[in-house]
Amino acid sequence: MRTVDLILRKRGGEELAPEEIQYLVDGYTSGEIPDYQMASFLMATFFSGMTDRELSACTDTMIRSGETIDLSDIPGFKVDKHSTGGVGDKTSLICAPIAAAAGVVVPMMSGRGLGHTGGTLDKLESIPGFRTDLTIDEFRRQLADLGLAFIGQSDDVAPADKRLYALRDVTGTVESIPLIASSIMSKKIAEGIDALVLDVKVGYGAFMKKQVDARRLAAAMVGIGRRLDKKVVALITDMNQPLGYAIGNALEVMEVSQTLQKAGPADLTRLSLELAARMIHLGKKAATLDEARKIAEDKLMDGSAYRKFKQVVAAQGGNPKALDNFELLPNATGMREIMSPRGGYVSAIMAEDIGRASQMMGAGRNSKEEGIDPAVGVILEVKVGEKIDVGAVLCRLYYTGEENVDEAADLVEDAFRISGNRPEERELILEVVS
Ligand code: URA
């Protein structure tokens, strides 16, 4: 087999055989196929897509590229949740403790923020002492004890995805439906789950800008799950404005704490409860979805989800007191208010620009090696649909160094669209694919 022949055939829109896909993925993971050839294959895939047979071969090879974690000796159904990435999206830190408080076992393997989107690991690590580098043994022990553990992707799980994702990130090939679907599903299946709830984001702040593409991505991931005998449900949700009010790691942890104490923003609370209900239902802790929704609400309202989150924070080395006393979290030293240049209705808040501004001030990274500043970010003061006067505060920027703040402020100011007419109300949960 010659790699160049496979690239040419893919470029021409031909279907490759499963063993040819396997040759490419294995060859790249082992270092036999160089970056330039794999980059070319990825770009050909970006334009030509993959058939179901190719997608299956790609996902299976990525799963087999490393270790698969066996959680079968831990009693109960293991259900994870994964988002395709958004701005202000901290639902994992809320729905996971709710589901765990309801008795679901939640092995949550998460990623770091990249580009304008945030990552669960960075948010958790803003809690002083919190460790996300648990060993697999520690992970299993905590799952057995508390029913919930947060961990990063280890080098041994789906290493093919690690290599491919890094290459995609620098070759403009991230936003491809089969490549995203195989990347997410290979990690999730290798992690030993029985079922998965997906939050597929769509809109200005998401990888998928159009609902039709989000639907295709959701269907591809649900299909992979079905073939491998895993129950997968995908919610397609709006990411045209940030979720909640807080963007930035420690700021988002503060909002998580408020939400788990029943004082969170309406959109964040609603989506977190629905995701938790889906996890409870797939985890067989409720016979119907309505019953699962009731259980999710009860676990939030009676404080057991908050207690669960604090137990998990303590078990992973974090200081749970920081969730009640925000002074113990990293705090910014500077603050700037952004005022509205005119009165009217807030018709849009371009989520990607808010995410980029936050990243620019240090909340996110441009490459996987960069460090981040956990204290910085943006707090919105308004949401889409609100009527405001000229000079109203639209948001506050929190920073620790002056560098890039002017540029971030310009970006944020342009992100708010103010119009004379009340905008149409947009649904938060747009579709369910299962
Ligand atoms: N998240 C992933 O894990 N992989 C992708 O390809 C995109 C988002």
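Student: Which residues have the most contacts inside the largest nonpolar core, and how many residues does that core have?

Tutor: A nonpolar core is a set of buried Ala, Val, Leu, Ile, Met, Phe, Trp, Tyr and Cys residues joined through side-chain atoms within 4.5 Å, where buried means under 20% relative accessible area, exposed over 50%, and partly exposed in between, with a 1.4 Å probe and protein chains only. In this predicted model, the largest such core has 84 residues, and Phe150, Phe309, Leu397 and Phe416 have the most contacts inside it. Helix α12 (residues 266-282) gives the most to this core, with 9 residues; helices (H or I, at least four residues) and strands (E, at least two) are DSSP runs, numbered from the N terminus.

Student: What should I know about numbering and confidence before going on?

Tutor: Residues are numbered from 1 along each chain as its sequence is written. In this predicted model local features need pLDDT of at least 70, side-chain atom pairs count only at pLDDT 80 or more, and totals for chains, interfaces and linings use all residues, while side-chain values use heavy atoms, with hydrogens and water left out.

Student: Which residues lie nearest the centre of the second largest pocket?

Tutor: Rolling a probe the size of a water molecule over the atoms shows where empty space is left. On a 1 Å grid over the protein atoms alone, a pocket is an open set of points where a 1.4 Å probe fits, with protein on both sides within 12 Å along at least five of seven lines, and lining residues have an atom within 4 Å of a point. The second largest pocket is lined by 23 residues, of which Gln241, Asp267, Val384, Glu425 and Arg426 lie nearest its centre. Domain 2 and domain 3 both give residues to this lining, so the pocket lies between them, and α12 and β8 (344-349) each supply at least two residues of the lining.

Student: What is the phi of aspartate 229, and where is its place?

Tutor: Most residues other than glycine have a negative phi. Phi of aspartate 229 is near 65°, a positive value, and its place is in the loop between α10 (211-227) and β5 (231-238), where aspartate 229 is exposed, with a relative accessible area of 70%.

Technical notes: Domain bounds come from an automatic or database domain assignment.
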